[in-house]
Amino acid sequence: MKTFKMLSFGVVDDQEVINYPMQDGIIINQENSHRSWVLEMLMDLDYQETFHKMMNTGDIYDVKVVISYPENEPAPFEVAIYGVKVIGDQISVLMKGTLKRARREYAETLLSELLEDGFEGDQLLERFEQDMRTRPALRKDEAKS
């Protein structure tokens with residue numbers, strides 16, 4: 001197993017990411033045959049009801065997590081919420097899930113779509129850098145839905 005510091009956490013809702021402020025977080029690659037990850041974060045007690053509702057639906061959520069360094073691009077995961085526990089004036093949110101896809105695949109597909117859209121030169125570079133940070137849904141992914 002490998003552990004990493006989780007720096008930010010956001011839930012993908014339609015085409016936007018709803019970021020939730022964290023106090024602290026850890027992410028664990030279980031390095032098993034299921035390619036499972038465990039995510040746990042501490043956050044303000046104000047979010048207890050939100051994450052309880054999410055847990056009680058039993059749904060799988062698309063989330064984006066920045067790991068280890070603030071300049072790292074967000075990693076996309078599919079997670080289920082397994083626990084919401086009060087610890088003092090904070091809550092601990094426990095999630096389990098899998099990494100959605102290799103980030104390199106995202107970059108290659110994004111670049112291909114931007115070229116198809118006619119971007120080139122400095123405009124292409126600027127738009128590519130912006131979209132790698134914001135990670136909009138790709139047409140390829142929308143077609144699968």
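# Close-up views of a predicted model

Both Phe-9 and Phe-51 are buried, where buried means under 20% relative accessible area, exposed means over 50% and partly exposed lies in between (1.4 Å probe, protein chains only). Residues are numbered from 1 along each chain as its sequence is written, and side-chain values use heavy atoms, with hydrogens and water left out.

**View 1. Strand β1 and its pairing partners.** Helices (H or I, at least four residues) and strands (E, at least two) are DSSP runs, numbered from the N terminus, and two strands pair if DSSP finds at least two bridges between them. Strand β1 (residues 2–13) runs antiparallel to strand β3 (residues 24–29), with 4 bridges joining them; here Phe-4 has Ile-27 of β3 as its bridge partner. Strand β5 (residues 61–67) is also antiparallel to β1, through 5 bridges, and Val-63 of β5 stands opposite Val-11. With strand β2 (residues 16–20), β1 pairs in the antiparallel sense over 5 bridges, and Val-12 faces Val-17 of β2 as its opposite residue. The hairpin of β1 and β2 has 2 residues between the strands, and Asp-14 takes a positive phi near 55 degrees there.

**View 2. The nonpolar cores.** A nonpolar core is a set of buried Ala, Val, Leu, Ile, Met, Phe, Trp, Tyr and Cys residues joined through side-chain atoms within 4.5 Å. The largest one has 24 residues, and those with the most contacts inside it are Phe-9, Met-41, Phe-51, Val-65 and Phe-77. Two or more residues come from each of β1, β4 (36–44), α1 (48–57), β5, β6 (75–87) and β7 (90–99), with β6 giving the most, 5 residues. A second, separate core of 8 residues includes Tyr-106, Leu-110, Leu-114 and Leu-124.

View 3. Contact means heavy atoms within 4.5 Å. Leaving aside its neighbours within four places in sequence, Phe-51 touches Phe-9, Tyr-20, Met-41, Met-43, Ile-81, Val-84 and Val-93 by this contact rule. Lys-64 lies in strand β5 and, at 13% relative accessibility, counts as buried. With neighbours within four places in sequence again left aside, the residues in contact with Lys-64 are Ser-8, Phe-9, Gly-10, Val-12, Val-17, Pro-74, Ala-75, Thr-134 and Arg-135.

View 4. Rings of Phe, Tyr and Trp (its six-membered ring) pair if their centres lie within 6.5 Å; planes under 30 degrees apart count as stacked, over 60 as edge-to-face and the rest as tilted. The count comes to 6 aromatic pairs. Phe-9 and Phe-51 make a tilted pair, 6.2 Å centre to centre with 50 degrees between the planes. Phe-9 lies in strand β1 and Phe-51 in helix α1, so this pair ties together parts that are 42 residues apart in sequence. Tyr-20 counts as buried at 14% relative accessibility, whereas Tyr-47 is partly exposed at 23%. Phe-9, Tyr-20, Tyr-47 and Phe-51 form one aromatic cluster.

**View 5. Charged side chains and their partners.** A salt bridge is a side-chain nitrogen of Lys or Arg within 4 Å of a carboxyl oxygen of Asp or Glu, and the structure holds 5 of them. Glu-31 is partly exposed at 43% relative accessible area, and Lys-2 is partly exposed at 45%. Lys-53 and Glu-49 form another salt bridge (3.2 Å, N to O); both lie in helix α1, 4 residues apart, about one turn of the helix, and both are exposed.

**View 6. A lysine over a ring.** A charge sits over a ring if NZ of Lys or CZ of Arg is within 6 Å of the ring centre and within 35 degrees of the ring normal. Here the charged end of Lys-96 sits over the ring of Tyr-82, 4.8 Å from its centre.

How values were computed. This is a predicted model: local features need pLDDT of at least 70, side-chain atom pairs count only at pLDDT 80 or more; totals for chains, interfaces and linings use all residues.
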